[in-house]
Amino acid sequence: MCKAHGVPPERPATAANDRLSVGFDATPLLGRPTGVGVFCAGALAGLAVRDDLDMSAFAVSWRRREGIAERVPSGVAIGQRPMPARPLHAAWRRMSVPPIEWFVGRRDVVHGSNFVVPPTRSAARVVTVHDLTVVRFPELCDAPTLAYPGLIRRAVAEGAWIHTPSAYVAEEVVAAFGVDPTRVRAVHHGVPELAAGPDGGSGVVLPDGCHHYVLSVGTIEPRKDYPLLVRAFDEVAAVHPDVALVIVGGDGWGSGAFDEAVAASAARKRIVRAGYLDDSGLAAAMHSADVLAYPSRYEGFGFPPLQAMAAGVPVVATAAGAVPEVVGDGAWLVAPGDGDALAARLVEAMAGGGAVDALVARGLARSKDFSWARCASGLADLYRDAVREQGTERGGDR
Amino acid sequence: MSRLRVLLLVEQLRRSAAGGIGTYVLGLLQGLNELAAVDPEDEPELILTASRARGGESDDPLAGLGHALRTSPLPGPLLTRAWDRGIVRAPSGLDVVHAASLATLEPGRVPLVVTVHDLLWRRVPDAYPPRGRRWHEAALARALRRADHFVVPAEVVAGDLVEAGASREAITVIPMGSDHLPPPDVPGAVARLASLGVRGPFLLCVGTLEPRKNLPRLIEAYESIREDLPERWPLVMVGPSGWGDQVMTGSGVVHAGTVSATELAGLYASARLLAYVPLIEGFGLPPVEAMSVGTPVVASPLPSTGGAAREVDPNDTASIAAGLLTVATDDAVREELIRRGSARAAELSWASIARRHREVWDRVSGRRGAG
């Protein structure tokens with residue numbers, strides 16, 4: 001790459017055998033798993049087995065840094081100086097130091113997996129922007145999230161490359177931040193694997209008299225628009241007397257509107273809040289579901305519909321954000337906020353029949369377009385392009 | 001033997017524009033870090049100290065630098081005054097106290113090392129505001145009384161310091177490093193230039209807009225050769241407005257203001273040359289930054305360049321003009337300067353500079369290598 005910058009603690013392997021050394025921010029793997037954590041786990045697993053990359057992970061966390069060892073896939077190196085989160089984020093916001101190399105040694109690329117990428121001494125920088133909820137719907141965001149646009153703008157101004165999980169978000173990033181489109185790359189996620197198939201029961205306790213259920217998965221927050229689904233479910237419940245609505249997801253914030261909608265529902269006794277479920281709980285709930293409803297107002301990608309499609313569960317979703325791009329023809333789409341259309345499609349899906357079978361078949365086929373190996377391949381290309389540009393230090397025109 | 005415990009005074013990093021001293025402190029930390037990666041047993045235990053953080057403890061950026069941090073409950077200006085007057089002293093249990101600038105504290109029985117970057121306020125008083133001059137003079141007197149050893153970036157500063165009363169044996173010359181620029185953001189720099197109407201080759205000048213930097217003469221020299229360039233390549237000036245009221249404009253002169261570090265690196269990397277012609281400088285960092293990314297330099301005689309720049313007389317506009325024209329257009333001269341500049345930059349790694357600081361600390365603390 002560039003010059004002899006002092007004493008590199010670890011020589012990047014590029015010169016010798018063209019392997020890129022990549023430092024990956026695995027902080028989202030700590031604590032309760034989230035969509036970003038699912039991306040980190042899946043991407044790292046796909047990246048770890050590639051023979052053109054040397055993967056290592058780090059965590060920006062003082063208290064929980066020990067936890068990282070057991071959460072990264074094998075084949076991913078760890079080893080870092082402690083990185084206290086709040087002071088570091090304060091330093092990175094104001095001073096552009098300290099660079100990541102102070103903590104993890106020399107790398108060719110550093111990948112910030114969650115909207116923030118540390119400054120570097122010599123490594124190329126890649127940052128994942130999962131969605132632009134914060135730009136599109138600031139009223140749907142909590143306070144820490146509102147800091148993201150500044151951080152993204154800064155990273156872009158300093159030459160970072162941007163990875164997005166969908167072309168939809170890539171276009172949004174270009175429009176919102178005026179980024180050079182060649183530096184923004186959409187690479188689809190893979191399908192998060194559900195634990196083994198059903199070994200008896202959904203694990204969800206349905207109300208008396210209910211034998212079937214509409215499932216919805218996602219943290220309870222305004223963006224998911226659960227009140228719309230609750231209102232649509234009233235109509236489904238009227239047509240199908242043995243159907244329940246099961247909502248899997250922890251309470252995020254602003255769940256008051258959801259509570260009010262449930263309280264106002266005629267079918268409220270058939271609405272089950274299963275709360276947050278671990279992998280096997282989610283798998284069981286998914287495999288036994290009759291249909292997945294995904295009523296979101298905006299998504300940068302959308303794991304749950306893809307998981308449902310891969311599990312052979314029919315999907316009814318809103319055409320919100322990147323959802324159409326992800327589900328393709330493998331789900332029935334309705335306009336965001338259109339409760340009547342949502343209800344009609346759910347009623348239809350619950351009734352079953354040839355059209356639903358065909359939908360499931362298309363969903364299954366579509367889900368096979370997504371894999372973590374493919375995601376890793378796209379990220380590896382992105383890493384290589386970022387490093388290549390880094391290598392061409394000289395301005396062309398002088 | 002237990003690790004050497006060093007208290008490093010880093011108050012400069014609290015300033016919004018930390019300037020050359022900030023670069024020095026961060027470069028030193030970078031170099032110590034690189035040494036520690038190779039030789040962890042020998043790593044000194046650093047304790048950084050500064051005034052209280054404005055945003056509160058847990059958001060203190062200085063706590064993120066990877067070393068222990070002691071903050072004073074006092075805000076910056078009060079703390080330096082308390083240091084000045086000996087009200088706040090060094091804590092116990094230290095082997096060395098190192099002040100990164102003339103803001104020193106009463107070290108007690110612990111040896112104190114002070115880095116003196118220059119004594120320019122004495123040489124060119126007109127280039128300093130009066131209040132700054134008075135503070136520098138008083139701080140120098142305190143440093144001379146308190147310090148056991150001095151670090152200076154150049155022999156000429158050592159001479160000035162001896163003249164001020166220090167003993168030459170108590171001074172070690174350690175230059176500044178060159179390898180602290182972040183990865184150059186060339187596309188960002190190109191976009192920035194385009195927004196200023198600059199496309200294609202350009203000449204670059206970096207530094208605060210203040211009288212000592214001799215910018216009016218540089219601009220005059222540039223104007224005189226502008227028509228002789230293959231095209232009328234602009235002169236791009238990067239840096240914050242400092243003080244003084246000289247007019248710094250001319251045809252083809254473009255002010256880029258303050259830019260991000262990666263963009264600055266990108267500007268260095270895409271410039272035809274760096275022009276840096278201050279009347280006087282303790283070291284002169286921009287030339288070695290330019291050399292580190294392979295850009296030829298036109299400069300006044302400075303400690304930093306080590307003979308790797310095209311030297312011009314900063315008092316002679318014609319000399320500056322000739323230097324600019326030659327380095328902008330003569331490919332053989334350019335190649336030679338790029339080659340020498342890269343070699344000079346490579347000499348000045350922060351790791352080697354940190355090693356020399358460690359040797360000074362070992363010596364003054366009586367750890368080893370005393371003879």
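# Briefing on a predicted two-chain model

In chain B, the axes of helix α1 (residues 19-38) and helix α12 (residues 350-364) come within 7 Å and cross at roughly 90 degrees. Because angles of 65 to 115 degrees count as roughly perpendicular, α1(B) is described as roughly perpendicular to α12(B). The structure is a predicted model.

**The crossing of α1(B) and α12(B)**

- From α1(B), the contact is made by Gly27(B), Leu28(B), Gln30(B), Gly31(B), Leu32(B), Glu34(B) and Leu35(B).
- From α12(B), the residues taking part are Trp350(B), Ala351(B), Ile353(B), Ala354(B), Arg355(B) and His357(B).
- Sorted by class, this contact of α1(B) with α12(B) holds seven nonpolar, four polar and two charged residues.

**The contact between chain A and chain B**

- Chain A contributes 36 residues to the contact and chain B contributes 42 residues.
- On the side of chain A that touches chain B, α4 (85-94) and α5 (101-104) of chain A each supply at least two residues.
- The largest share of that side, six residues, is provided by α4(A).
- The side of chain A that touches chain B comprises 16 nonpolar, nine polar and 11 charged residues.

**The two domains of chain A**

- Chain A is divided into domain 1, which covers 14-190 + 372-391, and domain 2, which covers 212-367.
- Taken over C-alpha atoms, the centres of domain 1 and domain 2 of chain A are separated by 30 Å.
- In chain A, 15 residues of domain 1 are in contact with 12 residues of domain 2.
- On the side of domain 1 of chain A that touches domain 2 of chain A, the elements giving two or more residues are α2 (35-48), α6 (133-136) and α8 (167-177) of chain A.
- Three residues, the largest share of that side, come from α8(A).
- The side of domain 1 of chain A that touches domain 2 of chain A consists of seven nonpolar, five polar and three charged residues.

**Helix α9 of chain A**

- Helix α9 (residues 226-239) of chain A has 14 residues and reaches 20 Å from its first C-alpha to its last, close to the 20 Å expected at 1.5 Å a residue.
- The buried residues in α9(A) are Tyr226(A), Leu228(A), Leu229(A), Val230(A), Ala232(A), Phe233(A), Val236(A) and Ala237(A).
- The partners against which the buried residues of α9(A) pack are the strands β7 (212-217), β8 (243-248), β9 (271-275) and β10 (291-294) of chain A, together with the helices α10 (256-264) and α14 (339-351) of chain A.

Note on methods
Residues are numbered from 1 along each chain as its sequence is written. Chains are lettered from A and ligands numbered from 1 in the order in which they are written. This is a predicted model: local features need pLDDT of at least 70, side-chain atom pairs count only at pLDDT 80 or more; totals for chains, interfaces and linings use all residues. Two residues are in contact if their C-beta atoms, placed from the backbone, lie within 7 Å. Helices (H or I, at least four residues) and strands (E, at least two) are DSSP runs, numbered from the N terminus. Ala, Val, Leu, Ile, Met, Phe, Trp, Tyr, Cys and Pro count as nonpolar, Asp, Glu, Lys and Arg as charged, and the others, Gly among them, as polar. Domain bounds come from an automatic or database domain assignment. The expected span of a helix is 1.5 Å times one less than its number of residues. A residue is buried if 20 or more other C-beta atoms lie within 10 Å of its own, exposed if 12 or fewer, and partly exposed in between; C-beta atoms are placed from the backbone. Axes are lines fitted to C-alpha atoms, for helices over the stretch in contact, and angles run from 0 to 180 degrees between N-to-C directions. Angles under 35 degrees count as roughly parallel, over 145 as roughly antiparallel, 65 to 115 as roughly perpendicular and the rest as oblique.
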